[in-house]
Amino acid sequence: MVERQSPLELELRTGSHGDFEHGIDVILSETRPRSILQLAAWPGQEKKLISGIRTVTGLALPDGAGAGSTDGVRSVFGFAPGKFTVVDEAEGLAPAFANIVTPAIGTVTDLSHGRTAIRIAGPKAEWVLAKFFAIDFALPAFPVGAGRSTMHHDVFAQIQRTGADQFDIYVFRSFARSFWKALCHASEEVGYEVQ
């Protein structure tokens with residue numbers, strides 16, 4: 001694969017920023033998964049698609065929008081009825097679904113070229129994200145592995161909780177730079193580090 005230039009390249013300024021005098025409460029970074037897929041099941045084929053996702057990724061996926069699972073290398077979550085986002089650190093995940101997700105079951109769309117993945121972590125990650133999205137980010141309401149599909153103004157975002165105080169956010173590449181700037185600005189008052 002040809003290495004794609006990050007849309008955040010000019011904005012990623014590593015180090016500590018904002019009001020970090022009393023510590024860093026948020027860590028921001030760009031993750032660069034090699035595979036980001038959207039899978040959709042035809043009506044009545046959801047369970048077959050969920051089974052196929054487990055076969056390929058090894059991740060158990062509870063049925064239902066918002067349910068998800070992650071192992072640190074691969075992640076999957078439902079973001080609408082019968083629709084799932086599947087992410088892998090390795091390249092070439094789409095062909096692995098070719099014989100599993102047949103045209104009778106649903107579709108596989110490779111979005112790797114069109115999405116940017118941003119990670120926010122730290123004790124104030126929920127607090128910063130709540131500035132953008134009208135979602136309950138508390139752990140009981142948004143458990144590890146779960147995902148949500150939402151918007152901030154005109155920026156469509158898919159968010160998955162990948163740790164107790166860590167979230168991965170997937171945005172269109174064309175909006176990544178402006179969303180990153182807004183995220184940095186929102187993190188200034190708690191002190192943040194860019195890695």
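Colleague: How many aromatic pairs does the structure hold?

Modeller: The coordinates come from a predicted model. A pair of aromatic rings is described by the distance of the centres and the angle of the planes. In this structure, the number of aromatic pairs is 7.

Colleague: What is the angle between the planes of Phe 132 and Phe 133?

Modeller: Phe 132 and Phe 133 are both buried. Their rings form an aromatic pair with 6.0 Å from centre to centre. The pair is classed as tilted, and the angle between the planes is 40°.

Colleague: Which strands hold Phe 156 and Phe 172?

Modeller: Phe 156 and Phe 172 form a tilted aromatic pair, 5.8 Å centre to centre and with 35° between the planes. The pair links distant parts of the chain, the two residues being 16 residues apart. Phe 156 belongs to the strand of residues 155-163 and Phe 172 to that of residues 166-172, namely β10 and β11.

Colleague: Over which ring does the charged end of Lys 124 sit?

Modeller: The charged end of Lys 124 is 5.7 Å from the centre of the ring in question. That ring belongs to Trp 127.

Colleague: At what distance from the ring centre does Arg 148 lie over the face of Phe 142?

Modeller: Arg 148 is placed over the face of the Phe 142 ring. Its distance from the ring centre is 4.4 Å.

Colleague: Which are the edge strands of the open sheet?

Modeller: The open sheet has 7 strands with mixed pairing, in the order β1-β12-β2-β8-β11-β10-β9. Its twist averages 25° from one strand to the next. An edge strand pairs on one side only, and the two edge strands are β1 (15-17) and β9 (147-152).

Colleague: Which residue of β11 is the bridge partner of Ala 117?

Modeller: Strands of a sheet pair through backbone hydrogen bonds, either parallel or antiparallel. Strand β8 (residues 115-121) is joined to β11 by 7 bridges, in the antiparallel sense. In β11, Ala 117 has as its bridge partner Tyr 170.

Colleague: Which residue of β11 stands opposite Gln 158?

Modeller: β10 and β11 form a hairpin with 2 residues between them. The two strands pair in the antiparallel sense over 6 bridges. The residue of β11 opposite Gln 158 is Tyr 170.

Colleague: Which residue takes a positive phi in the hairpin of β9 and β10?

Modeller: The strands β9 and β10 run antiparallel and are joined by 6 bridges. Gly 147 stands opposite Gln 160 in β10. The hairpin has 2 residues between the strands, and the residue with a positive phi near 55° is His 153.

Colleague: How many residues of β10 are buried?

Modeller: Strand β10 is largely enclosed by the rest of the structure, because most of its residues are buried. Of its 9 residues, the number buried is 8.

Colleague: At about what angle to β11 does helix α4 run?

Modeller: Helix α4 (residues 173-187) lies across several strands, including β2 (26-31), β10 and β12 (192-194).

Methods
Residues are numbered from 1 along each chain as its sequence is written. This is a predicted model: local features need pLDDT of at least 70, side-chain atom pairs count only at pLDDT 80 or more; totals for chains, interfaces and linings use all residues. Side-chain values use heavy atoms; hydrogens and water are left out. Rings of Phe, Tyr and Trp (its six-membered ring) pair if their centres lie within 6.5 Å; planes under 30 degrees apart count as stacked, over 60 as edge-to-face and the rest as tilted. Buried means under 20% relative accessible area, exposed over 50%, partly exposed in between (1.4 Å probe, protein chains only). Helices (H or I, at least four residues) and strands (E, at least two) are DSSP runs, numbered from the N terminus. A charge sits over a ring if NZ of Lys or CZ of Arg is within 6 Å of the ring centre and within 35 degrees of the ring normal. Two strands pair if DSSP finds at least two bridges between them. Axes are lines fitted to C-alpha atoms, for helices over the stretch in contact, and angles run from 0 to 180 degrees between N-to-C directions. Contact means heavy atoms within 4.5 Å.
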